[in-house]
Amino acid sequence: MPIELTAHTDAGARLVAIAEQLSEGLAARAGEHDRDGTYPFEAIDALKAAGFFAAPVPVELGGLGVSSAHDLVVAASRLARGDASVAIGVSMHLVAVLNMERRREVAVAAGAERRAGAFASSLKEIADGGVVLAAAISEPGQDLTRPGTIATRTESGWRIEGRKMFCTMSPAATDLYVSVRYKDGDGVERYAYAMVAADAPGVVVHDDWDALGMRASGSNSISLEGVELSESGVRGGFRAGDSLPYMERNLVAGLFHAASSLGIAESADQVARRGIAGRINGDARPRTQVADN
């Protein structure tokens, strides 16, 4: 029998069960969407209805309370068995939400009530408002710890200028989770994240994604052309160029990318097993090949 990952918590087990149920529906149209280059909006609607996008949000804030990164990754791999393109987008959303929840927990532990409250408010909005985030982080010629996208102070708040790549799930996003660089009151450059409404003036989603096998991920590039934010739109963050806080916030992202690859491999293994079932006739060679796979 194949060995598969399982959840470690009760909340995680419930999420994995939801993912397995949704995966069947995703698989039914995955090939069609990839062939036609269409976006699977019906899959996003199903995930919303199941509360999947609020999985890392605490129950008291309206989420599913899945605090284990391991369990979130397992659930993502189950989605990927049905449609890895969809799973990659969902995973990038979950990375951002999990990061917010981790920062909230740090603030609570440090007694920083105002900061903890701000994170809690954002998490509750995600759970209650059906927020779907597209991570607008990657850039051409990027220095990971120094975003080329710049936030500049204005009389009313901030102006954002920049270009992002691989903004997965952008066709369905309600908001963009944008990495920016700005100067604080002391003139120190800082790395921060800004929440930008996907339909805000100045946001341009380019229809430029056409990757074979991943057409349904919607990983378009995005331009931010003089996007205006309020004073609270950009704040905090860490000193630009400092790798440690960057890694603290983003290290888990690699696990979610791997989850999609795992789901593809597990699905392919199931197809192969079904294909040779009843045809081995005691021959050891195909058994060995299955085991090697």
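Which residue caps the N-terminal end of H6? In this predicted model, the cap is provided by aspartate 242, a side-chain oxygen of which lies 3.3 Å from the backbone nitrogen of leucine 244. Within helix H6, which spans residues 243-250, the buried positions are Pro245, Tyr246, Arg249 and Asn250. These residues are placed on the same side of H6, because they cover an arc of only 120 degrees around the axis, whereas Leu244 and Glu248, on the other side of H6, are exposed. The cover over the buried residues of H6 includes helix H4 (84-109) and helix H7 (253-276), together with strand E5 (189-197) and strand E8 (238-239).

The structure holds seven aromatic pairs. In one of these, tyrosine 177 and tyrosine 193 are stacked, since their ring centres are 4.7 Å apart and their planes stand at 5 degrees. Tyrosine 177 belongs to strand E4 (residues 175-183) and tyrosine 193 to strand E5, so the pair ties together parts that are 16 residues apart in sequence. Tyrosine 177 counts as buried at 9% relative accessibility, and tyrosine 193 likewise counts as buried, at 16%.

Tyrosine 191 and tyrosine 246 form an edge-to-face aromatic pair, with 5.9 Å from centre to centre and 70 degrees between the planes. This pair links distant parts of the chain, as tyrosine 191 lies in strand E5 and tyrosine 246 in helix H6, 55 residues apart. With a relative accessibility of 1%, tyrosine 191 counts as buried, and tyrosine 246 counts as buried at 13%.

Methods
Residues numbered from 1 in each chain as written. Predicted model: local features only at pLDDT ≥ 70, side-chain atom pairs only at ≥ 80, totals over all residues. Heavy atoms only, no water. Buried < 20%, exposed > 50% of the residue type's maximum accessible area, 1.4 Å probe, protein only. Helix = DSSP H or I, 4+ residues; strand = E, 2+ residues; numbered from the N terminus. Arc of directions from axis to C-beta. Contact = heavy atoms within 4.5 Å. Polar contact = N/O pair within 3.5 Å; in protein donor to acceptor, adjacent residues only side chain to side chain. Phe/Tyr/Trp six-rings, centres within 6.5 Å; stacked < 30°, edge-to-face > 60°.
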